Amino acid sequence: MSEEDEDQAAPPKRPRASPSPPPDQVLDNVLETVLQFLAAPRDRGAASLVCRSWHRAESATRVTVAVRNILAASPARAARRFPNAHHILLKGRPRFADFNLLPPGWAGSAFRPWAAAFASAAFPALRSLSLKRITVTDADLDLLARSLPASFRELSLLLCDGFSSRGLASIASHCRGLRVLDVVDCEMNEEEDDEVSDWVAAFPGGHTHLESLSFECFTPQVPFAALEALVARSPRLHRLGVNQHVSLGQLRRLMALTPRLTHLGTGSFRPGDGVEDQGLDFGQILTAFTSAGRPNTLVSLSGFRDLAPEYLPAIAVVSANLTSLDLSYAPVTPDQILPFIGQCCSLETLWVLDSVRDEGLEAVAMYCKKLQVLRVLPLDALEDAEELVSEVGLTAISEGCRGLRSILYFCQRMTNAAVITMSQNCPELKVFRLCIMGRHQPDHVTGEPMDEGFGAIVRNCSKLTRLSTSGRLTDRAFEYIGKYGKSLRTLSVAFAGDSDLALQHILQGCSKLEKLEIRDCPFGDAGLLSGMHHFYHMRFVWMSGCNLTLQGCKEVARQLPRMVVELINSQPENQRPDGVDILYMYRSLEGPREDVPPFVKIL
């Protein structure tokens, strides 16, 4: 280096870069970005088990939380685990409660801790809440309404009970940003002597943000003037389901106010006695369905709770774009379904009563080639009811609707051949629920058990995740289920099997099974104990009317201390301390619950 170089001023120093974030924080940021692309809960759950940093990142980014057994986790634990939850689904009673197999008051206060948690801002980012098979009181709804964050938008109640119009009024008046209020198949607590609250009029004045409003199960009459005013100031409304007191003339007026309507629950679909229905004719109803471009926008129809058949053909003008049609409250005959079913070429979901008979199902099979979900429900749910649908209708559906994904089919009798045909024609089936109403009914043509039919279903439908069995079934059928039902997650069994061997086949073969529902089967302690290796991986086991003993249930509780083993007396007034009427066993992160009624014993 020369002297001249040494005399020159030193070059200015570069500014120091800001300190880089710690490696752990960089990893968390990257993980949070990546995990947002994982939508499936199972995938996110698996990711959270990798290590602590993955668990931390998954917790921070989970916005949808489903607690599928409200007794399995406390709200405090859920809030710690998922502090940024936007959408929460809570499920309460098991499905067999729908068949009056669970005494009232079994978990009457289970929602109260959750209501208190919502009130204490445990979920500050909450936007939507969905409740299913949960007892919810008016006090719970009032507490929610007064304390939910301003971001709250949606409340859905499905198969719930315990609340009344007063609770709905609280929600309507306090949740000013509400977009969805759906009350579906709920048993509301409206006493005859109580004054019914005008919850529709309780919505704040001015334009609302409502996009979906459904109250088809609401028994009392809603003041139509208030309903019409609410619909008129809800310009975003695209889903509307009204109850049976809304007449066809009133429905026509509501439709005129909802140009964006895509999903319609029609109410009674019969003219009433009011001025709206005076002089009402078929042409006016036809015009209501053709106005506002509705043949192109309407995709779902339901309701029809009190049907005037002569008006039903009016829906033919909107049938071409329908993807969902629910006629489960309308005893539609073959002659009544034929005039419009031929236009339902886009139909994907169909619910009907068996009053459509095999002829109606044959028409469905002929025209509804895109059908994916079918439910055929009983008009008369008795074992000795008139036979309206049979293997003929099932076979026709399997031959015409080969993309079928889910079927629930009530009938009086069935054949193995028809079930085998369905398994061969509909390999994409994920849900197969066959309910033969008569107990222990064999193949009515051959007299053989229904073993081969159900065996074919699990053998040929490799994607099957839900199966409900019925009819005369021997242990052989359950051997098939255990061997081939590798994707099954839910299995319902009633009045079937010969011995504990059947239950052993299920528990040892169906490695992905999460929910097992068993009713009135000859299964005892040996069958139950054969699943000890698997119970921790299951969501719940329900067994009622079986041959379980108290000692066998105690053995399960002793070996699996993290399972909650509840023994329920199905007749609380005749308590039998040594009997096992119902076993309900489920996983819980909290241990046994505290709100135990007298007819429940937790081991």
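Predicted model: local features only at pLDDT ≥ 70, side-chain atom pairs only at ≥ 80, totals over all residues.
User: Let's start with H14. At what angle do H14 and H15 pack?
Analyst: Helix H14 (residues 357–367) and helix H15 (residues 391–400) pack at about 0°, and their axes are 8 Å apart. H14 is therefore roughly parallel to H15, since angles under 35 degrees count that way.

User: Which residues meet there?
Analyst: From H14 you have Asp358, Leu361, Glu362, Val364 and Ala365. On the H15 side they meet Val392, Gly393, Ala396, Ile397 and Gly400.

User: And how does that contact of H14 with H15 split by class?
Analyst: Into 6 nonpolar, 2 polar and 2 charged residues.

User: OK, what about H13 and H14, how far apart are their axes?
Analyst: The axes are 9 Å apart, with H13 (residues 334–341) and H14 packing at an angle of about 10°. So H13 and H14 are roughly parallel to each other too.

User: Who makes the contact in H13 and H14?
Analyst: H13 brings Pro334, Ile337, Leu338 and Ile341. H14 brings Arg357, Glu359, Gly360, Ala363, Val364 and Tyr367. By class, the contact of H13 with H14 has 7 nonpolar, 1 polar and 2 charged residues.

User: Switching topic: which residues touch the most other members in the largest nonpolar core?
Analyst: The largest nonpolar core has 178 residues, and the ones touching the most other members are Leu90, Phe111, Phe118, Trp199, Leu227, Phe289 and Phe432.

User: What does Phe432 touch?
Analyst: Leaving out residues up to four places away in sequence, Phe432 touches Ile407, Val419, Met422, Phe454, Ile457, Leu464, Arg466, Leu467 and Ser468.

User: And what is in the second, separate core?
Analyst: That core has 5 residues, including Leu353, Leu377, Leu408 and Met437.

User: Now Asn416. Is Asn416 buried or exposed?
Analyst: Buried, because its relative accessibility is 7% and the cut-off for buried is under 20%. Asn416 sits in helix H16 (residues 416–425).

User: What is Asn416 in contact with, beyond its neighbours within four places in sequence?
Analyst: Asp443, Glu448, Pro449, Met450, Asp451, Glu452 and Gly453.

User: Last one: which UniProt annotation covers residues 84–131?
Analyst: The unreviewed UniProt entry labels residues 84–131 "domain: Transport inhibitor response". In the model, that stretch is 17% helix and 19% strand. The C-alpha atoms at its ends are 19 Å apart.

Notes: Residues numbered from 1 in each chain as written. Heavy atoms only, no water. Helix = DSSP H or I, 4+ residues; strand = E, 2+ residues; numbered from the N terminus. Buried < 20%, exposed > 50% of the residue type's maximum accessible area, 1.4 Å probe, protein only. Contact = heavy atoms within 4.5 Å. Axes fitted to C-alpha atoms, helices over the stretch in contact; angles between N-to-C directions. Parallel < 35°, antiparallel > 145°, perpendicular 65-115°, else oblique. Nonpolar A, V, L, I, M, F, W, Y, C, P; charged D, E, K, R; others polar. Core = buried A, V, L, I, M, F, W, Y, C linked by side-chain atoms within 4.5 Å. UniProt positions renumbered as here; feature names shortened; annotations may be inferred.
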